[in-house]
Amino acid sequence: TGVARLLDVVRYVSAIDHRLAKLPEGPHRDAARLRDVAAVEARYVALLRRMDRDDIIARVRALFIELLPSGECSKEKVAARLNMSDRSLQSKLATRNTSYRNLLNETRRELAQLYIRQGLHSVSEVTYLLGFADVSSFSRAFRSWEGLSPSEYKDQSLGRRSGAAVE
């Protein structure tokens, strides 16, 4: 599905970040990052072109992934990028038994789980990637989704027991 392909792109970006983390700091690392980001963007654009134009959920999720890091992921902005009014967007999502807010929360939750399980990003980086205002807002949302703090979830997903006090 379109969502699975989008998550493949996210995994690909995470793999690039992991590989680049092994490079020494400096201009070579920055140049490698730019080349890899350009490759990911090209892959992402190709993915969007192949996506079923009628799959509104996949198209909205793709825009979420693109817009979340900027913090500008409003319903109005997403609708405008899809060349429709926000009321039309909400109506199309309603026909698929979801809403903008539910889809945004689902996407954030799935991406948060993925990013944290991979262990390649700090909590503050995940906060940024998912468009949260600050780490405490992200941590509260994550705890409401999973019943664990992000660090507890990471420890659990990596098979470690957390010796730290509950946050």
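1. The salt-bridge count for this model comes to seven. A salt bridge here is a side-chain nitrogen of Lys or Arg within 4 Å of a carboxyl oxygen of Asp or Glu. The model is predicted: local features need pLDDT of at least 70, side-chain atom pairs count only at pLDDT 80 or more, and totals for chains, interfaces and linings use all residues. Residues are numbered from 1 along each chain as its sequence is written, and side-chain values use heavy atoms, with hydrogens and water left out.

2. The protein has nine helices and zero strands, in the order α-α-α-α-α-α-α-α-α along the sequence. Helices (H or I, at least four residues) and strands (E, at least two) are DSSP runs, numbered from the N terminus.

3. Some totals follow. Of the 167 residues of the protein, 37% are buried. Buried stands for under 20% relative accessible area, exposed for over 50%, and partly exposed for what lies in between (1.4 Å probe, protein chains only). The protein exposes about 9700 Å², with 51% of that supplied by carbon and sulfur atoms; accessible areas come from the Shrake-Rupley method with a 1.4 Å probe, and for residues only the protein chains shown count as cover. Among contacts in the protein with a separation of 6 or more, 50% are between residues 24 or more positions apart, a contact being heavy atoms within 4.5 Å.

4. One of the salt bridges pairs Arg61 with Glu106, whose closest N and O atoms are 2.8 Å apart. This pair links distant parts of the chain, since Arg61 is in helix α3 (residues 56-67) and Glu106 in helix α6 (residues 100-118), 45 residues apart. Glu106, with a relative accessible area of 37%, is partly exposed.

5. The axes of α6 and α8 are 11 Å apart and form an angle of about 95°, so α6 is roughly perpendicular to α8. Axes are lines fitted to C-alpha atoms, for helices over the stretch in contact, and angles run from 0 to 180 degrees between N-to-C directions. Angles under 35 degrees count as roughly parallel, over 145 as roughly antiparallel, 65 to 115 as roughly perpendicular and the rest as oblique.

6. Which residues make the contact of α6 with α8? From α6 they are Asn105, Arg108, Arg109, Ala112, Gln113 and Ile116, and from α8 they are Phe138, Phe142, Trp145 and Glu146. By class, the contact of α6 with α8 has five nonpolar, two polar and three charged residues. Ala, Val, Leu, Ile, Met, Phe, Trp, Tyr, Cys and Pro count as nonpolar, Asp, Glu, Lys and Arg as charged, and the others, Gly among them, as polar.

7. Asn105, in helix α6, is partly exposed, with a relative accessible area of 28%. The C-alpha atoms of Asn105 and Ala141 are separated by 9.1 Å, the two residues being 36 apart along the chain.

8. Helix α8 (residues 135-146) also packs with helix α9 (residues 150-157), at an angle of about 50° and with the axes 9 Å apart. The two helices are therefore oblique to each other. On the α8 side the contact is made by Phe138, Ser139, Phe142, Arg143 and Glu146, and on the α9 side by Pro150, Glu152 and Tyr153. These residues divide into four nonpolar, one polar and three charged.

9. Within that contact, Glu152 forms a salt bridge with Arg143, with 3.9 Å between the closest N and O atoms. Glu152 is buried, with a relative accessible area of 14%, whereas Arg143 is partly exposed at 29% relative accessibility. Elsewhere, salt bridges that share partners join Arg61, Glu106 and Glu110 into one network.

10. Asp155 belongs to helix α9 and counts as buried at 16% relative accessibility.
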